[in-house]
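Subject: Structure handover

Hello,

Here is the structure I promised to pass on. Please open it and keep it beside this email while you read.

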Amino acid sequence: MQNIINNSVFISQVPEGYKTYYQAYIQQWLEWAQGFVPTLHRADFFSTGMGYTVCDIFTKECMSGGYRLTSANSGLKAFMEAWAEDDLNNIFNKMFFFANAGGNAILCITPINGELYPSIYPIDRVVFQIGRHGEITQAMLLNRFVSGKSLYYVREIRVQMNRKNYYKAQLAPGSQVTAPTWTNAPIAEVPVEIRAQWENAYGDILPNIWYELPKRMRSLGLYNVRNKSVAVALKDMPGYSDSTLHTALDILYSIDYNYTQGQVDQYLGKSRTLVPRQMGSIKVNQPGTLSDGMTFYQALEVNSVPLDDIFYTQLPDGNLNGEMIKPTFIQPDLRGEIHRYIRDADLELLASKVGLSSSTLANHLAYNTSGTKTDDQVDSENSSTEKSVGNKRRLANRAINAMLKDVAYFYGFTDEITIEWGRSTANSARENSELLEDYRAGTLPLRAYLRKRWPDMSEEEVEEMAATIEEEQRQRRQEALGGALFNEKDYYGGTE
């Protein structure tokens, strides 16, 4: 399927001014991210899918530790936690994967019958422009509806004009490999076979008609999630960002090339054998044998399949040391150590280029250092991943918090609401020991200690655990005093 399905049909719909960049950078990034580059892997390259692996690992690391919504308004917090329920978790997973793969991901909220519904778009299905403060002011979103043999494409356009927000969705027929030209193609009625999909995506609006977005929506409902704060590849397109794979394409190529070389070595050496020279002159005269009185090579020539590329004559060693004369197979000697060395070197360089620790990218690389690792070595090894994850989360938070704020306003809330991420990795033993010492010394309050010790706990869980600890401490003090709390009147009498 990878040989026939690709995203070129969406790239063909990109406006002319953007198409060069999309084809030169974005399409290339996304092909490596999906693990299949047609110009390479359709011909003579095996694919290891390392580009996909990098994006998948970053997605898991960014989502590790979980997240929680925080607000001073408990009612708003409860409402937003219920909004979209599990969908928000799935959207954030896709958001991090798409941002790592293509450099950007677009969070989207769409009004449908008086409600707002979230979704996420990869950068190969969006073309956008930004305003002075980084907000999206104009965008084109591309969708495809499939029903049986019928395929329809939707080009949704959102634009700000005269301080108002408008949108329309154009619908036109197409095929799996061709897109509409959009000149005379748009149709005015939604075909019956895709009506359910249309209503799920756009509600009861009609195709090719401009609508004003609800007044409670203070923006276009599109939020730009950047993967990096600096765009080296797409300097002429403000708001666009580099893929995580941008500087690692050469290493991804090298990994696939080395893997292909190893497979070719195995294939070419699958049955090759070095035959001792002595076997060429031996006569086999036992009746009923395959050789039937012929020499070894004469017996081979009887077969219709030529075997010249399988059997080779071994150079005479002059001294058999009494050992039995036997063929030697070449396959076990196939440069395995060399390929393994090149592969591990490429993986370590790939990890460095994309911002992962080598052990996060490939577990076996964690054992290159002999002996047991100290806490400092473990911290240093994990710091690359943590720094990269922290940067990606901070860039994503700007878009996420803007979306949460707009959704809250749409439903009548004016208070702030933000997202907070749990720590992507667990504390080391040394960090936990230092936190406990600070708490015991009185320099770290109980609730602050609990938040740092278990960063993935919610505020409610922290408060519940803190209350339980305080109650247990009070009971222990009471038991230490003989079961009763200290009362100064028992010792000093009344105030008179």
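First, a term: a residue is buried under 20% relative accessible area, exposed over 50%, and partly exposed in between (1.4 Å probe, protein chains only). This is a predicted model, so local features need pLDDT of at least 70 and side-chain atom pairs count only at pLDDT 80 or more, while totals for chains, interfaces and linings use all residues. Residues are numbered from 1 along each chain as its sequence is written, and side-chain values use heavy atoms, without hydrogens and water.

Start with Val-264. Its relative accessible area is 32%, which makes Val-264 partly exposed. You will find Val-264 in helix H8, residues 249-268. Helices (H or I, at least four residues) and strands (E, at least two) are DSSP runs, numbered from the N terminus.

Next, the sheet. Three strands form an open sheet, ordered S3-S2-S9, with antiparallel pairing. Strands S3 (115-122) and S9 (222-226) are at the edges; each has a single partner strand, so one side of each lacks a neighbour in the sheet. Two strands pair if DSSP finds at least two bridges between them. S2 (residues 104-112) and S9 are joined by 5 bridges. Within S9, Leu-222 is the bridge partner of Cys-108.

Last, two loop residues. Most residues other than glycine have a negative phi. Asn-113 is not a glycine, yet its phi is positive, about 50°. Asn-113 sits in the loop between S2 and S3 and is exposed at 58% relative accessibility. Arg-163 also has a positive phi, about 65°. Its loop runs between S6 (150-161) and S7 (164-174). Arg-163 is exposed, at 88%.

Best wishes
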